[in-house]
Every structure is written in C-alpha cells, then in structure tokens.
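Please read the points below beside the sequence and the model. They cover backbone exceptions, helix packing and pockets, in that order.

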Amino acid sequence: MNKALDFYFDFSSPYAYFAAMDVNKLAERHDLTLQWHPILLGAIFKKTGARPLLSVPLKQDYAQHDLERTARLKRLPFIMPPKIPFMSLAACRAFYWLKQQDKTLAHTFAKNVFKAGYQMGLDISDIGTVTDLVAALGFNVDEIEVGLKDQSIKDELRSAVDEAQDVGVFGSPYFIFNNEPFWGYDRMPLLEEWIVKKGW
C-alpha cells in the first residue's frame with residue numbers, strides 16, 4: 001500500500017489551521033510520508049462557483065461559533081485573522097520557494113504561518129509578515145524578496161493549483177490517501193480509520 005498522504009490547504013482556511021496542527025502526528029502514527037500542498041482556493045472557487053465560508057450569511061455565524069468551540073476542544077489558541085477571507089498568495093509562493101531550499105523548513109514555515117494568523121492574529125496576507133516568517137528561519141530578506149518574485153515560483157504555485165483541481169480538490173483542508181479523498185477537518189478521524197483498516 002502507498003504510504004503517502006497528501007494534504008491540500010489554503011492558508012485562509014481556519015479549519016486548515018486545526019488540520020495543520022494535527023496532520024504531522026497522524027502521519028507519524030502510521031509511518032506515512034506527508035506531502036503539504038498550499039493552494040489558492042479562490043482560483044478553484046471560480047470553477048465550482050463556491051464562496052468562502054466566512055463570507056456567506058448565516059453560515060459565517062455558525063462557522064465562527066464552531067471554530068471557537070473546536071479550539072476549546074483541541075485546547076488551541078484561536079484568533080480570527082484581521083482580514084478574512086484573504087488572498088494567501090505571498091505565503092503560498094514563500095512555501096514553494098522554501099521547498100526548493102529545504103522541504104522540512106517549508107513544512108515548518110507553513111505551520112508558523114498558521115500560528116501567526118490564528119494564534120497571534122497577524123495579517124498573514126501581508127507580504128511583510130510572510131517575509132518576516134521566512135527570515136526567522138535563517139534566510140536573508142533580500143533573497144526572500146527576489147525569490148517571491150521569481151517566475152519559476154509563480155509557475156510552481158499555478159501548477160499546484162491546477163494539479164489540485166485535476167485530482168478533485170475543491171475545499172480546504174483536503175486529504176488524499178491511496179486515491180481516497182477526504183474533505184474537511186472533521187473527516188480526519190474517518191481518514192485515520194481508513195488508513196488503519198486499509199479501506200472498506
């Protein structure tokens with residue numbers, strides 16, 4: 001059986017924040033190779049006609065309530081970012097630039113972005129905030145700024161979004177294990193049961 005788990009997410013998704021705090025432990029429990037795939041849901045929503053959850057009347061009130069009780073259950077800090085929904089373009093580009101340098105550092109950066117946005121309340125759509133988070137990992141600000149403008153990085157992000165659509169990704173977080181899709185943070189227990197039972 002394939003031992004790879006693909007984790008697709010948009011940094012603007014609060015539920016992806018909770019998933020990002022749990023997914024490494026899930027992968028470690030089952031000796032899986034975890035692949036992180038930050039994407040831009042806005043591009044996919046153009047195809048599906050969907051809207052960000054927190055911009056939909058009635059749903060946004062429920063989501064705010066549910067996110068707060070989820071944080072209490074998981075005993076995680078939770079602050080709604082100052083701008084939401086927002087475009088996570090800079091954070092996504094920074095991830096793929098870092099991935100070219102060091103895949104492990106890219107994963108660390110992704111978790112740090114979520115913590116900055118949802119634990120500290122920072123504006124993670126801001127390129128300055130993103131640059132600071134990359135620099136904290138030991139990189140020079142000038143090389144980061146050049147990297148974020150690199151055409152190959154822009155192309156890699158565009159390809160990541162296209163590839164996500166090709167495998168059926170339409171929301172965040174979204175997991176694929178052995179071609180089996182699971183959408184949503186609340187599906188992580190089901191995903192783990194599928195891994196343990198090798199499907200059903």
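**Note on the backbone, helix packing and pockets**

1. P173 is found in the loop between α8 (151-166) and β3 (174-177), where helices (H or I, at least four residues) and strands (E, at least two) are DSSP runs numbered from the N terminus. The peptide bond that leads from S172 into P173 is cis, with omega near 0°. This is a predicted model, in which local features need pLDDT of at least 70 and side-chain atom pairs count only at pLDDT 80 or more, while totals for chains, interfaces and linings use all residues. Residues are numbered from 1 along each chain as its sequence is written, and side-chain values use heavy atoms, with hydrogens and water left out.

2. A cis peptide bond, with omega near 0°, also runs from I84 to P85, and P85 has its place in the loop between α3 and α4 (89-101).

3. For α4 and α5, the axes come within 6 Å and cross at roughly 155°; axes here are lines fitted to C-alpha atoms, for helices over the stretch in contact, and angles run from 0 to 180 degrees between N-to-C directions. The two helices α4 and α5 are therefore roughly antiparallel to each other, given that angles under 35 degrees count as roughly parallel, over 145 as roughly antiparallel, 65 to 115 as roughly perpendicular and the rest as oblique. Their crossing is right-handed, a crossing being left-handed if the near helix is turned anticlockwise from the far one by less than a right angle, and right-handed if clockwise.

4. On the α4 side of this pair, A91, A94, F95, L98, K99 and Q101 meet K103, L105, A106, H107, F109, A110 and V113 of α5, with contact meaning heavy atoms within 4.5 Å. By class, the contact of α4 with α5 has nine nonpolar, two polar and two charged residues; Ala, Val, Leu, Ile, Met, Phe, Trp, Tyr, Cys and Pro count as nonpolar, Asp, Glu, Lys and Arg as charged, and the others, Gly among them, as polar.

5. Helix α5 (residues 103-118) also packs with helix α1 (residues 14-29), at an angle of about 135° and with the axes 10 Å apart. That makes α1 oblique to α5, and the crossing of α1 and α5 is left-handed. In α1, the residues P14, A16, Y17, A20, M21 and N24 meet K111, F114, K115 and Y118 in α5, and the residues of this contact divide into seven nonpolar, one polar and two charged.

6. The axes of α5 and helix α6 (residues 127-135) come within 10 Å and cross at roughly 135°. That makes α5 oblique to α6, and here the crossing is right-handed. The contact joins F109, N112, V113 and A116 in α5 to V130, L133 and V134 in α6, and its residues divide into six nonpolar, one polar and no charged.

7. How much space lies in the largest pocket? About 1000 Å³ lies there, where a pocket, on a 1 Å grid over the protein atoms alone, is an open set of points where a 1.4 Å probe fits, with protein on both sides within 12 Å along at least five of seven lines, and lining residues have an atom within 4 Å of a point. Grid points are joined across faces, edges and corners, and a volume is the space filled by probe spheres set on the points. The largest pocket is lined by 38 residues, of which S13, Y15, L53, S172 and W183 lie nearest its centre. Helix α3 gives the most to this lining, with eight residues, and the lining divides into 22 nonpolar, nine polar and seven charged residues.

8. The second largest pocket has a volume of about 200 Å³, and its lining consists of M21, D22, K25, L26, R29, K74, L76, Y185, M188, P189 and E192. The largest share of that lining, five residues, comes from α1, while α1 and α9 (188-197) each supply at least two residues. By class, the lining of the second largest pocket divides into six nonpolar, no polar and five charged residues.
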